[in-house]
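Here is a short briefing on one protein chain. Look at the sequence and the fold before reading on.

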Amino acid sequence: MSKEQIIFSCVFLGSVFISSVSQILLKKSADKTYESTLREYLNPLVIVAYGMFFCSMLITMYCYKYVDVSAGPILESAGYIFVGVLGFLFLRERFTKRKIIGMAVLMCGIALFALGGMIPIG
């Protein structure tokens with residue numbers, strides 16, 4: 001992997017993190033009760049969250065100029081880990097045995113993919 005690919009892979013992961021934060025904001029908003037249906041969808045948390053989703057999408061699209069298309073889904077899967085950790089920190093969600101095993105499998109897959117890109121074959 002070139003230095004440029006590594007940098008933009010990190011930026012890509014930052015974009016995934018932004019997307020994960022926006023998911024937490026949407027969950028926080030959904031936990032509240034609103035006086036009208038319009039307020040349910042047009043409140044600061046929802047507007048900021050969708051703005052973050054949009055920025056995340058733009059960043060991700062730009063990163064694809066430098067990151068292999070095959071690496072995208074692998075990097076995106078880090079979002080499951082980010083959301084799990086953020087849910088624990090901000091929403092007081094618990095880590096179940098299944099969640100921990102799932103996150104471990106995801107991290108192993110991401111690590112194997114990263115190592116596979118660094119080991120020259122052929």
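This is a predicted model: local features need pLDDT of at least 70, side-chain atom pairs count only at pLDDT 80 or more; totals for chains, interfaces and linings use all residues.

Residues are numbered from 1 along each chain as its sequence is written, and side-chain values use heavy atoms, without hydrogens and water.

**Confidence**
- The protein chain has an average pLDDT of 91 (the predictor's confidence in each residue, from 0 to 100).
- A pLDDT of at least 70 is reached by 95% of the residues.

**Helix 1**
- Helices are DSSP runs of H or I, at least four residues, numbered from the N terminus.
- Ser19 lies in helix 1 (residues 3-30).
- Ser19 counts as buried because its relative accessible area is 15% (buried means under 20%, with a 1.4 Å probe and protein chains only).
- Beyond residues up to four places away in sequence, Ser19 touches Phe53 and Ser56 (contact means heavy atoms within 4.5 Å).
- The buried residues of helix 1 pack against helix 2 (37-41), helix 3, helix 4 (72-76) and helix 5 (78-91).

**Nonpolar core**
- The largest nonpolar core has seven residues: Phe8, Phe12, Val16, Cys63, Val67, Ala71 and Leu75.
- Helix 1 gives the most to this core, three residues.
- Such a core is a set of buried Ala, Val, Leu, Ile, Met, Phe, Trp, Tyr and Cys residues joined through side-chain atoms within 4.5 Å.

Notes
Helices (H or I, at least four residues) and strands (E, at least two) are DSSP runs, numbered from the N terminus. Buried means under 20% relative accessible area, exposed over 50%, partly exposed in between (1.4 Å probe, protein chains only).
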